[in-house]
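Hello,

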Amino acid sequence: MKKYVFIRLINIVITLFVIATVTFFLMKQLPGSPFDEEKLAVLSDEQRAEFLARYGLDKPVTTQYVLYLGNLLKGDLGTSFYFKGQDVTSILVDRIGPSALIGTQAIILGLTIGIILGIIAAFRHNTVWDYSTMFLAVLGVSVPNFVFAALLQYYVGLKLGLLPVAFWESYSSSIMPSIALALSVIALIARYTRNEMLEVLGQDYMLTAKAKGVKRLKIIYVHAIRNALIPVVTVLGPITVSLLTGSLVIENIFGVPGIGSLFVDSIKVNDYTTIMGLTLFYSAFFILTMLVIDLLYGMIDPRIRISGVKE
Amino acid sequence: MVKKWPKLLGVFLLGLMVILSGCNFEESSSDAKDKKGGEKTEKKAENVLNLSLDNDIPDLNQVKTTDTISFSVLNNVMEGLYRINQDNEPEPAMAKSYDVSEDGLTYTFHLRDNVKWSDGNPVTANDFKYSWLRAMNPDTAGSYSFILADYIKGGAKFAAGETAADTVAIEAKDDQTLVVQLEKPTPFFVSLTAFVTYFPLNEKFVTEKGDQFALNNQNILYNGPYVITDYNQAEGVSLEKNPEYWDKANVGVDKINLKVIKEQSTALNLYEAGDLDRVILSSADVNSFKDSKEFGTETEFTSYYIQFNLGKDPISNTNIRKALQLAYDPEVLTSVVLNNGSEPATGLIAPKMTGADGKSFRELQGDVVKPDVNKAKELWEKGVKELGKTPEITLLTADDTVSKDTGTFLQSEYKKNLGIDIQLVTKPYSGRLQTMRDNDYQMVVSKWGADYNDPMTYLDLWMSPAIPFRGNYSNTKYDELVTEAKDEVDEKERMSKLLEAEKILLQDDAVLGTLYYQGTAFLQKPYLKGMVTHPSGAPLDLKYTTVQ
Amino acid sequence: MKNAESLVTDEFSDDLFEVVGPREEDSERIGRPPMSAFKDSWMRLKKNKGAVISLIILIIIALLAIIGPHMNEYKYYETDYGASYQAPNQDHWLGTDKFGRDQWTRIWQGTRISLYIAFLAALLDLIIGVTLGAISALMGGKVDNALQRLIEVLVGIPHLIVVILLIMLMEPGIITITVAMVITGWVNMARLVRAQIFKLKGQEFVLAAKSLGSSNTRLILHHLIPNTIGLIVINMMFTIPSAIFTEAFLSFIGLGLQEPHASLGVLINDGFKGMRNQFYLLAYPAVVIIAVMVSFNILADGLRDALDPKMRK
């Protein structure tokens, strides 16, 4: 087990290196530069090169890459081109907090409601309960969450005045964005839970448990949920990553100073260092989550042996 | 199972608290509530102005910054020799007056005696010299260095790194006197001194802060009507009246919050909830607020146009170009499709831009391009005959809603009026610019925002040499006119040359298809008075604003 | 034992029993009609009311996508600046957008594109996602490791960069959008299938099948995939709408179909901007997407129940 984790960790470093390399070279192919292009566009090629040279952007991409890697090894992500002079690390640290908060709340909310709805639907298979859960779930994924967000903001924030319309000022500012984000999580989790519960309920050991006279709630808890969790855990991985690393539209709608809009903006303005910093952060987070999930499989269902895991 | 719930809940809550503590809310929740309750009832007593910014604040380092949001913030906390007033004219600010030599080449500015930085030290002529040289020095400059280097004698060579700083003709005669020599007579130079890149800097302070200069609100020294008390790039800034400001008696508001709100619908909700005092409306919302007393529109010195690429078939054919220029009515575009306060364009230079004799350039010139479907058809057929075939045409646009809508409008008008199908190609912002540089387009929806209030800011763009970005246009007569205008001291003479140049560009050569002058539609609370938005340079000026 | 045997023979002698012969009427009676697996499933599907209604709705939508644009005199690209932002009325059944274009026509025109995108997303999921997921789990070891690292790299590289590069390199259109979706559209499916098969691999019936000499192909096609179908169907419920909205985003920044073409996703995005005052512009395309997705899900669920041998009652 320890050896497995160790090997995986080495793999992670290699994977991150590959991602960083590919992203770096792709990013350099993007049109434009980190500067006001409307002003630079009229310059002749020589003038332009001269200007870019001041920022070390005239060197061959491979040279720039080596320099970047060197700094990276020292733990230096560089300074942002767009937020001129600001340290990329401090920008990331500043922006992650709000995104992580609404993301975590959305996951907790989504998981709780989703699992409950899924269980209800499974136990009341093919009834009104089942169909309405299904309908809600489909609604949750078919209507984009920014529509929900805008409706929430308009009715709960403006018309009823229950929560702040936007801004990031107090804890209550985080409630509506969390709810808006949670909707698709609820849909997803409810749907997977229902499906797995149905499967598990049809298994022989459930019949055995029932025959033994085990109470219904205990059946759900001890036997059914544990077994139904595998796909939930699998989908939870990417959800966690995407929610904790921010959602562009939701953050924009509620004025959350999060990391979601930073990713898109930094690519639009060719803010090379910020793009790299975000990519590394995002990938590392994603890969680690994957590792945790692979380890979780074994814990939830002892029958599963991921290749390479040896006790 | 029931017993385990409290445990689980406990874990959830614990996790939440950990995250919360790492999460920097601007104020503690009780504070925020108090403040909000207060604002709603005692708005006028509080003397606070709440506005929104439509994007992050990228960079408050005046030397390097280039975007309008940073400009808007800096314009209220800093001040140049002159400041642009409500009527869009320069008025004395750090300087109390200036003298200009007869040839229009030497400007002598006299500073006020009582102007101070926010730390109490006096603002001196040397602060301007230091700042201007810094803005042109290739080691420290940003992409706006040209706005000094193009005009100040010796600036261009210094900015190119060819000569030393002492060759630039800026002289601080004493603490209160600044003498500048210009390359050419520049009648609008005084208004240029109100531009962000022309603001002064305190050498000692900047050197002391080094790399950290302007990275947070403590690392900026202010000399404008307000100082920044809180600065977060993603959330916005808070400003307070500057007690050291020379004209503080005329500053109307005690505290200003400029909050980053990127979504227009959110800003509108905030406005209706009373959290904002002014909001820009999106075109979809204009119709339902048009009759409100709080509704208003204004235009900027930003013109949108179709840039034809004269270096590409079939656009190189003048008749085809003219047909494409006349076959649509910009009036329909602005009133129906954009519906955001923009005005239909009949020329390149935005209305209200200075002309001569107290008249604006547009008033002097009149309409240069008048849409005419029948004529367009004729020209098109003529052009097709000359080409020998019906050409295929694509139109390049950027990927923002307004440009895309403009593209859709043009496509449908060309189909209706000329019977042709044009292809739309959308590219992201820098992708569009790159494609233009690469000469890989036939026509493109493009724009130019004026840097200063003079037609020259537009007209010198199309001078030789021909570059793909400007449609490969080159015309010796046009070049002559613009060059002569640059050397001309007589204001009337100069203007008549520029008027003719616009005609050549649009009528004779049909290099551009005029579209619209960018405008904004907004709602503004009735108690908000004296709110100034400038059509060029730094848009926002809150010195004269009051909320009582 | 001998005693007991004799006891039986003693007590139950043959003459106690009587031969009754075959009962003619019983042997001809058909207790349950003989059925092929397909027919059997179809029967069970038909009994599921929800599934039948869903099927009908899907057929209606597909028909409308074909004939809808021709049901009135307007064309999807036809602008009328005198009639912009009209609420639904007799002339324009679903109103008009800001260009005065007929929404009814545009919605059905857009449904065609969105259905293609949905089909494409489903296909990618099935072909690439399921296959790679299954291979990864079954082969295990190095293959699994390599594929998982590949997925991590694909997810790690910012998609938007790749998309912008594609915009610069390729002509906008349906092929470009397909390329963009091929790159990562299948990743989640692959991971889900992999996890599920890992779970199934250890179960007894797989061992049984293996010891009975099933080939790998047979194992995958007849044992593992059928047991994963439920998950596959559910995952599609998420990939399809997200593909539809991804397409709208990609079209917006210039990768997909350009104006005057529209898809449901594009219509919803446009409608969102005017949602406050022209709610109908958002509502109708949203209703179509929801109707398609709800029907698809109920039908798929019904199908799964019908196909799944465990569900037989």
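Predicted model: local features only at pLDDT ≥ 70, side-chain atom pairs only at ≥ 80, totals over all residues.

Residues are numbered from 1 along each chain as its sequence is written, and chains are lettered from A and ligands numbered from 1 in the order in which they are written.

Let's start where chains A and B meet. Here 49 residues of chain B are in contact with 45 residues of chain A (contact means that the C-beta atoms, placed from the backbone, lie within 7 Å). Helix 17 of chain B gives the most to chain B's side, with seven residues (helices are DSSP runs of H or I with at least four residues, strands are runs of E with at least two, and both are numbered from the N terminus). By class, this side of chain B has 21 nonpolar, 15 polar and 13 charged residues (Ala, Val, Leu, Ile, Met, Phe, Trp, Tyr, Cys and Pro count as nonpolar, Asp, Glu, Lys and Arg as charged, and the others, Gly among them, as polar).

Chain A also meets chain C, with 52 residues from chain A and 45 residues from chain C in the contact. The side of chain A that touches chain C has 35 nonpolar, twelve polar and five charged residues.

Next, have a look at the sheet in chain B. It is an open sheet of four strands in the order 1-10-9-8, with mixed pairing (strands pair if DSSP finds at least two bridges between them). Strand 1 (48-53) and strand 8 (226-232) of chain B stand at the edges with a single partner strand each, so one side of each has no neighbour in the sheet. Strand 8 of chain B pairs with strand 9 (residues 236-241) of chain B in the antiparallel sense over six bridges. Within that strand 9, Gly236(B) is the bridge partner of Asn232(B).

Finally, in chain C, helix 5 (residues 103-139) and helix 6 (residues 141-156) pack at an angle of about 140 degrees, with their axes 6 Å apart (axes are lines fitted to C-alpha atoms over the stretch in contact, and angles run from 0 to 180 degrees between N-to-C directions). Their contact has six nonpolar, three polar and one charged residues.

Enjoy exploring!

Key
Contact = placed C-beta atoms within 7 Å.
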